[in-house]
Amino acid sequence: MTRVFSGIQPSGELHIGNYLGAVQNWVRLQHQQDCLFSIVDLHAITQPYEPGDLAQLTLDMAVSLYAVGLDPEKCIVFVQSHVVEHTELNWLLTTVTPLGELERQTQFKDKAQRQESVPAGLLAYPILQAADVLLYKASLVPVGEDQVQHLELMREIARRWNARYGQGYFPEPQPLLTKTKRVLGLDSKAKMSKSLGNTIGLFEAPEAIWEKLRPAATDPARKTRKDPGTPEICNIYTLHQGFSPPATVDEVAQQCRTAGWGCLDCKRVLADNMIANLKPMRERAAQLKREPAGVLERLRKGAGRAQALARRTIAEVRDRMGLLKPGGD
Ligand code: SF4
């Protein structure tokens with residue numbers, strides 16, 4: 001089995017966008033590969049955030065991950081800051097990372113533009129990402145298109161470290177490009193995102209799901225009930241592909257093109273399928289929320305398993321970099 005690492009920001013409960021775009025794939029991957037999934041709170045603090053909210057958002061994300069089906073028996077789920085070796089390897093890798101490469105990262109340039117004073121952590125973000133992956137010698141990283149540049153840099157960091165301290169020590173991580181869907185928000189204007197308020201939470205009540213879907217944007221060509229549409233350009237059709245059975249997806253396409261269904265009919269079918277799909281997850285989430293101590297215990301065990309792997313790497317890395325071992329070792 002190949003080792004896979006992926007991280008998600010502690011943004012609270014999952015919404016259908018990050019579920020269909022990433023986490024649904026993780027649930028599949030845990031049965032096929034040796035997977036570590038981390039809630040990357042140390043990455044989150046490179047952006048403006050509310051310290052009083054971070055712990056709860058991290059816990060809510062953990063609840064979400066377990067509720068959608070990540071199984072601690074099949075994969076390792078943990079909070080990044082609970083395994084301190086991430087920050088140690090981050091520093092060690094800083095010493096081989098070219099500054100120019102960091103400054104060229106598109107995400108850095110975008111985010112830095114929006115901040116009055118740019119923290120060094122924002123610039124160094126890709127080094128911590130490299131540390132996340134290399135700490136476990138993971139060779140596959142599920143990535144979205146916006147992360148491909150960071151992965152390139154991660155490979156460059158691995159190459160430079162290997163060249164200096166031990167050829168072939170770190171594998172050069174490869175992107176695991178999957179057929180993940182880019183889900184737009186309900187306004188169909190931008191990617192689904194909590195900060196834009198255009199999401200449907202994964203555990204929302206059935207009535208709330210319908211209330212949000214009903215006014216959602218569709219193909220603008222369908223001005224009246226009689227106007228045919230193009231399903232491929234409609235976000236509701238994308239969501240059908242995530243939640244409806246294949247036969248229904250085919251029927252949606254046909255009914256849309258022939259104006260057989262109105263958009264409201266189409267959305268009602270989607271709402272019913274979405275609600276049915278999400279019901280077991282909503283129930284599991286409610287159960288987990290009633291027992292936060294159990295969630296913390298799962299995270300503690302996950303961090304323990306991750307740390308056992310991390311410590312081995314750190315010991316070898318320190319050794320190869322020539323650092324004096326502490327007395328007694
Ligand atoms: S019928 Fe469905 S797929 Fe077609 S435009 Fe309306 S909502 Fe979108």
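**Figure 1. Residue classes in the shell around the ligand.** By class, this shell has six nonpolar, one polar and two charged residues; Ala, Val, Leu, Ile, Met, Phe, Trp, Tyr, Cys and Pro count as nonpolar, Asp, Glu, Lys and Arg as charged, and the others, Gly among them, as polar. The model is predicted, with local features requiring pLDDT of at least 70 and side-chain atom pairs pLDDT 80 or more, while totals for chains, interfaces and linings use all residues. Residues are numbered from 1 along each chain as its sequence is written, and side-chain values use heavy atoms, with hydrogens and water left out. The ligand is surrounded by Thr218, Asp219, Arg222, Cys234, Ile236, Tyr237, Cys256, Cys263 and Cys266, a residue being near a molecule if one of its heavy atoms lies within 4 Å of it. Helices α10 (235-243) and α12 each supply at least two residues of the shell; helices (H or I, at least four residues) and strands (E, at least two) are DSSP runs, numbered from the N terminus. The space taken by the ligand is the largest cavity, a cavity being a set of points, on a 1 Å grid over the protein atoms alone, where a 1.4 Å probe fits but cannot get out. A molecule sits in a cavity if more than half of its atoms lie within 2 Å of its grid points.

**Figure 2. The largest nonpolar core.** Of its 57 residues, Ile16, Leu65, Leu202, Leu213 and Met274 touch the most other members. Helix α12 (residues 263-290) gives the most to this core, with nine residues. Such a core is a set of buried Ala, Val, Leu, Ile, Met, Phe, Trp, Tyr and Cys residues joined through side-chain atoms within 4.5 Å; buried means under 20% relative accessible area, exposed over 50%, and partly exposed in between (1.4 Å probe, protein chains only). Leaving aside neighbours within four places in sequence, Leu65 is in contact (heavy atoms within 4.5 Å) with Ile8, Leu14, Val23, Trp26, Ile39, Leu70 and Val77.

**Figure 3. Helix α4 and its cover.** In α4 (residues 85-94), Glu85, His86, Leu89, Asn90, Leu92 and Leu93 are buried. Their cover includes β1 (3-8), β3 (76-79), α7, α8 (148-165) and α13 (292-320). Asn90 counts as buried because its relative accessibility is 17%.

Figure 4. Most residues other than glycine have a negative phi. Lys137, not a glycine, has a positive phi of about 50°. Lys137 is placed in the loop between α7 (120-134) and β4 (140-142) and, at 30% relative accessibility, is partly exposed. The phi of Ser188 is also positive, near 60°. Ser188 lies in the loop between β5 (174-176) and α9 (206-213) and is partly exposed, with a relative accessible area of 26%.

Figure 5. Glu316 is found in helix α13 and is partly exposed, at 32% relative accessible area. Apart from residues up to four places away in sequence, Glu316 touches Lys137 and Tyr169. Glu316 and Gly229, 87 residues apart in sequence, are 59 Å apart in space, C-alpha to C-alpha. Gly168 is in the loop between α8 and β5 and is exposed, with a relative accessible area of 59%. The C-alpha atoms of Gly168 and Thr258, 90 residues apart along the chain, are separated by 58 Å.

Note on methods
On a 1 Å grid over the protein atoms alone, a cavity is a set of points where a 1.4 Å probe fits but cannot get out, and a pocket is an open set with protein on both sides within 12 Å along at least five of seven lines; lining residues have an atom within 4 Å of a point.
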